[in-house]
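The sequence and structure come first.

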Amino acid sequence: MNPIIRIRKYRIVFAYLATMMLLVFASLFYDRFPFPLCPFKLLTGLPCPGCGGLRAANMLLQGDVLSALYINPLSCIVMIFFAIFPFLYLYDKVANKRLVANILAQLWNRKITGTVFAIILLNWAWNIYKLG
């Protein structure tokens with residue numbers, strides 16, 4: 001099989017591994033550099049829904065779940081999904097199922113999309129409340 005085709009076939013796995021490596025890198029060097037400033041916060045003065053995500057990731061990797069939830073609850077949910085995702089993907093490949101594809105397809109359902117949007121807005125309101 002052509003190596004380019006093989007890379008395309010596993011691009012989800014590569015994207016996942018790259019994201020995990022960035023999170024681990026950010027947590028390893030947490031004390032050595034300040035977290036980057038959010039462009040949205042620089043422009044508006046308000047935190048975005050993702051503000052505090054790297055700090056929350058660092059707290060989760062250190063085992064401080066309550067602090068991570070306080071900093072950014074939405075980031076914790078996303079990180080739990082990232083922790084579970086490789087097992088779901090592996091199950092799909094081994095059992096020849098389409099569980100991940102079905103989950104992603106359901107996210108485009110109107111009710112679920114509205115719920116996800118509401119959760120993002122609640123997280124954003126929490127970030128604004130926490131800092132104000």
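Of the 132 residues in the chain, 22% count as buried, where buried means under 20% relative accessible area, exposed over 50%, and partly exposed in between (1.4 Å probe, protein chains only). The model is predicted: local features need pLDDT of at least 70, side-chain atom pairs count only at pLDDT 80 or more, and totals for chains, interfaces and linings use all residues. Residues are numbered from 1 along each chain as its sequence is written, and side-chain values use heavy atoms, with hydrogens and water left out.

The chain has 8 helices and 0 strands, in the order α-α-α-α-α-α-α-α from the N terminus. Helices (H or I, at least four residues) and strands (E, at least two) are DSSP runs, numbered from the N terminus. The accessible surface is about 9,900 Å², and 72% of this belongs to carbon and sulfur atoms; areas come from the Shrake-Rupley method with a 1.4 Å probe, and for residues only the protein chains shown count as cover. Among contacts (heavy atoms within 4.5 Å) between residues at least 6 apart in sequence, 51% join residues at least 24 apart.

Two residues are set out below.

| Residue | Place | Relative accessibility |

Leaving aside residues up to four places away in sequence, serine 75 touches Gly53 and Ala56. Asparagine 96 is not a glycine, yet its phi is positive, about 55°. Most residues other than glycine have a negative phi.

The largest pocket has a volume of about 430 Å³. On a 1 Å grid over the protein atoms alone, a pocket is an open set of points where a 1.4 Å probe fits, with protein on both sides within 12 Å along at least five of seven lines, and lining residues have an atom within 4 Å of a point. Grid points are joined across faces, edges and corners, and the volume is the space filled by probe spheres set on the points.

Which residues line the largest pocket? They are Leu74, Ile77, Val78, Phe81, Ile103, Leu104, Gln106, Leu107, Thr113, Val116 and Ile119. The elements giving two or more residues to this lining are α6, α7 and α8 (110–131), and the largest share, 4 residues, comes from α6. By type, the lining has 9 nonpolar residues, 2 polar and no charged. Here Ala, Val, Leu, Ile, Met, Phe, Trp, Tyr, Cys and Pro count as nonpolar, Asp, Glu, Lys and Arg as charged, and the others, Gly among them, as polar.
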